[in-house]
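User: I am new to this structure and would like a short tour of it. Could we look at it together?

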Amino acid sequence: MRTRKGHYKELFETVRKKGFLTVRVDGELREAVQGMKLDRYKNHDIEVVVDKLKVSAKDVERLRKSVGHTLAQGNGLMMVYDKDAEAEGKNAVRYFSKNLMCPVSGISYREPAPHNFSFNSAQGACPHCKGLGTVSVIDQEKVIPNPKLSIREGGLAPLGKYRNAAIFWEIEAVLAKYDCDLNTPLQDVGEEALAEIFNGSAEQLRIPADTARTTNDLYLTYDGLGKYLQQMADSEMTAAAQRWAEQFSRDAVCPDCHGTRLNREALSIAELQEWLGGIEPQLSEKNRAIAHEILKEIRTRLQFLLDVGLDYLSLSRSSVTLSGGESQRIRLATQIGSQLVNVLYILDEPSIGLHSRDNAKLIRSLKELRDLGNTVIVVEHDKEMMLAADYIVDIGPRAGRLGGEVVFAGTPGEMLKASTLTSDYLNGRRTIEIPATRRKGTGMLRLIGATGNNLKGVTAEFPLGTFICVTGVSGSGKSTLINETLLPILSQKFYRSLKEPMPYESIEGIELTDKVVAVDQSPLGRTPRSNPATYTGVFSDIRNLFVNLPEAKIRGYKPGRFSFNVKGGRCETCKGNGYKNIEMNFLPDVLVPCETCRGKRYNHETLEVRFKGKSIADVLDMTINQAVEFFENVPSILHKIKVLQDVGLGYIKLGQSSTTLSGGESQRVKLATELSKRDTGHTIYILDEPTTGLHFEDIRVLLGVLQRLVDKGNTVIVIEHNMDVIKSADYIIDMGPEGGRGGGQVVACGTPEEIAAWGKGHTAPFLAEELSAAPSQQKQNQ
């Protein structure tokens, strides 16, 4: 058996209790004596010797019993060691097993079953990481942030400065073994001593009586600083203790399964597609007949995933890491495979995250679903998807309270002749203009040797003070390069972030920047109480305005009176929610307006305080556009809500629950919050597909905001597939050439005109088509 580090003492005690006197350690026969020790920092192969005998006819019964006993103790596996064969220079070891086993190496596998290939099953999951693919490990650099300090001076960050405690006594005893003490700078303490401080000591440590202030010396077992931190991070500890311990650790790829999340036996399914392609010729005629239908079904299901543009995903990819578009396309692939008819399918922006090349595959899949006899309704902003439809329903004319009408319904051909905001962009009457000039940049940020996930030693240059667009087919490495490598590097530099970047060699030019802001599409808050007013901070200014009104001063109201989160001013019937949650058995819960406040959230007394005839509830019910007019003479409030209007959110309400906002709307609220702050002119803004859920007109407004940020000297980095955004960039980094293993390289970089002219990669031809629509501007940019 192979034992893990540090478990030898318990193993030998168990061996002795069972009556076995001899063990074979790393090929050497040894007597199992009390207190037997091995190097705790190494893995060892240890076999228990059940019987020793010279085989003869009279020993058949003894041999039969020994074999049975050995197989019982070894879970169906045993080894025979032949000393005579070793003396003759032959292979002295032979393995026997009740299970599937290699007779040379002794590796034995269970009978294969479906659960052996699932990381959600105990039989299939990697035992080390429990099927997660990652493990939490202690980060020595975080534990020892300043190696020049001694332990007494606080060199071990989790422990702080010296105090009279047992853990310091134990560490002092460890150091004494290596001719060091608590006053020795940690940079002068050897690696072996540091390893023992982190991992624990194999022997009991003597603590002198004068140190422990006891009559006699103490003998203590020291388990190590690492185990102490892991215990504090345990799920049974308090949340505060877990957060404290987590700051000294980092997530690392599991060393046993290398991130695959499966145990050793299950790893044979790697590279499934290639393996399936060559398996049938290896099978016998009988087995080929048995496997035919199974292989056909697997290949068919894989092809469905390929047809909807998901070839870059691995089958072991965690579902929580999938985008909304990817999850939707997986469900679409399942439906195509079901071959159902007379079904109404409704999809909400399935093209999210798809490159223009893969969009055609998705459209073909949707048409295939239609041709089976189904009806497919797609909510989309994608131009190709609209023109490929059989029928279009256009909702408008604008957003929010200015929308809600069917402004057109008909075929794509009829749509092109109509006069709506959408049709104007489809037929070219309105366009997103190409910038007249491309910025050259004020400096260079250079990321060297990035190798995370599928990146192949990528070196990428980011000209500062420009609008940069990172493009490429899905799975080409865009997010790994920006979100998983560059962003964590900058966050660690400026904010001491705990997130570790993906592997890279070095970064140059970081001193030319002083701030990084990531604006993603995650929800503003986890509860319905969060809203644009609270997120941007303008609600505090609004409450302060109401507090300073004469009526509020007379009543002695404080800012808390106008908060729906605390007692005093809120409606206590609904606790400030504005609605009550009715639980329905076997059905989703139902929200109904509160019968006391009728959805206003506040009690009657609070609503009596009014500004320009409006209560605090009336203000929260205003759209951004209405609020801009209402607060035009209150600069502190106007500044923050005007930015919300500038990013195209004039139609949403100040108090609108964040759970009702789309991902694109949430992202723009975050962007507006950042825009309302003072920028340094050296800030890097990172946005991942900000056009998700946006109409052509919304994209035009968003691009105007981003361009204004760059005009102030900042750098904007956008990961995007939308051609209107790509053609508007100053600089493009195109990743690829394919997704997954076929990607991870910089295919081309330069201005949009340079990328289109070179023709490399899958982005270039689509970009060239966009640029050809404005030849005069293209010539000027060249």
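Predicted model: local features only at pLDDT ≥ 70, side-chain atom pairs only at ≥ 80, totals over all residues.

User: How are the rings of Tyr557 and Phe562 arranged?

Analyst: Their centres lie 6.1 Å apart and their planes make an angle of 75°, so the pair is edge-to-face.

User: And how many aromatic pairs does the structure hold?

Analyst: There are twelve aromatic pairs. Another of them is formed by Phe630 and Phe631, with ring centres 4.9 Å apart and planes at 90°, so this pair too is edge-to-face. Phe630 and Phe631 are both buried. Elsewhere, Tyr228, Trp244 and Phe248 make up one aromatic cluster.

User: Which residues touch the most other members of the largest nonpolar core?

Analyst: That core has 79 residues, and those touching the most other members are Ile542, Phe546, Phe631, Leu654, Leu671, Leu706 and Val716. Helix H26, residues 696-711, supplies the largest share of the core, with eight residues.

User: What does Leu706 touch?

Analyst: Leaving aside residues up to four places away in sequence, Leu706 touches Phe467, Leu671, Leu687, Val716 and Val718. There is also a second, separate core of 28 residues, which includes Ile151, Phe168, Leu186 and Phe248.

User: Phe168 is in helix H5, then. Which residues of H5 are buried?

Analyst: They are Ile167, Phe168, Trp169, Glu170, Ile171, Ala173, Val174 and Leu175. Helix H5 spans residues 166-176, and eight of its eleven residues are buried, so the helix is largely enclosed by the rest of the structure.

User: Changing topic: what is the strand order in the open sheet of three strands?

Analyst: The order is S18-S17-S20, and the pairing is antiparallel. Strand S18 (458-464) and strand S20 (506-508) are the edge strands, each pairing on one side only. From one strand to the next, the twist averages 10°.

User: How many bridges join S17 to S18?

Analyst: Six bridges join them; S17 covers residues 443-450, and the two strands run antiparallel. Within this pairing, Met444 stands opposite Pro463 in S18.

User: Which helix packs on the sheet?

Analyst: Helix H17, residues 478-495, packs on the sheet and touches S17, S18 and S20. The direction of H17 makes about 115° with that of S17.

User: Now the charged side chains. How many salt bridges are found in the whole structure?

Analyst: A search of the whole structure finds 36 salt bridges. One of them joins Asp711 and Arg439, whose closest N and O atoms are 2.7 Å apart.

User: Where do Asp711 and Arg439 lie?

Analyst: They link distant parts of the chain, 272 residues apart: Asp711 is in helix H26, while Arg439 is in the loop between helix H16 (421-427) and S17. Asp711 has a relative accessibility of 57% and counts as exposed, whereas Arg439, at 24%, counts as partly exposed.

User: Are Arg700 and Glu697 buried or partly exposed?

Analyst: Arg700 is partly exposed, at 39% relative accessibility. Glu697 is buried, with a relative accessible area of 10%.

Terms used
Residues numbered from 1 in each chain as written. Heavy atoms only, no water. Core = buried A, V, L, I, M, F, W, Y, C linked by side-chain atoms within 4.5 Å. Buried < 20%, exposed > 50% of the residue type's maximum accessible area, 1.4 Å probe, protein only. Helix = DSSP H or I, 4+ residues; strand = E, 2+ residues; numbered from the N terminus. Contact = heavy atoms within 4.5 Å. Pairing = 2+ DSSP bridges. Axes fitted to C-alpha atoms, helices over the stretch in contact; angles between N-to-C directions. Salt bridge = Lys/Arg side-chain N within 4 Å of Asp/Glu carboxyl O. Phe/Tyr/Trp six-rings, centres within 6.5 Å; stacked < 30°, edge-to-face > 60°.
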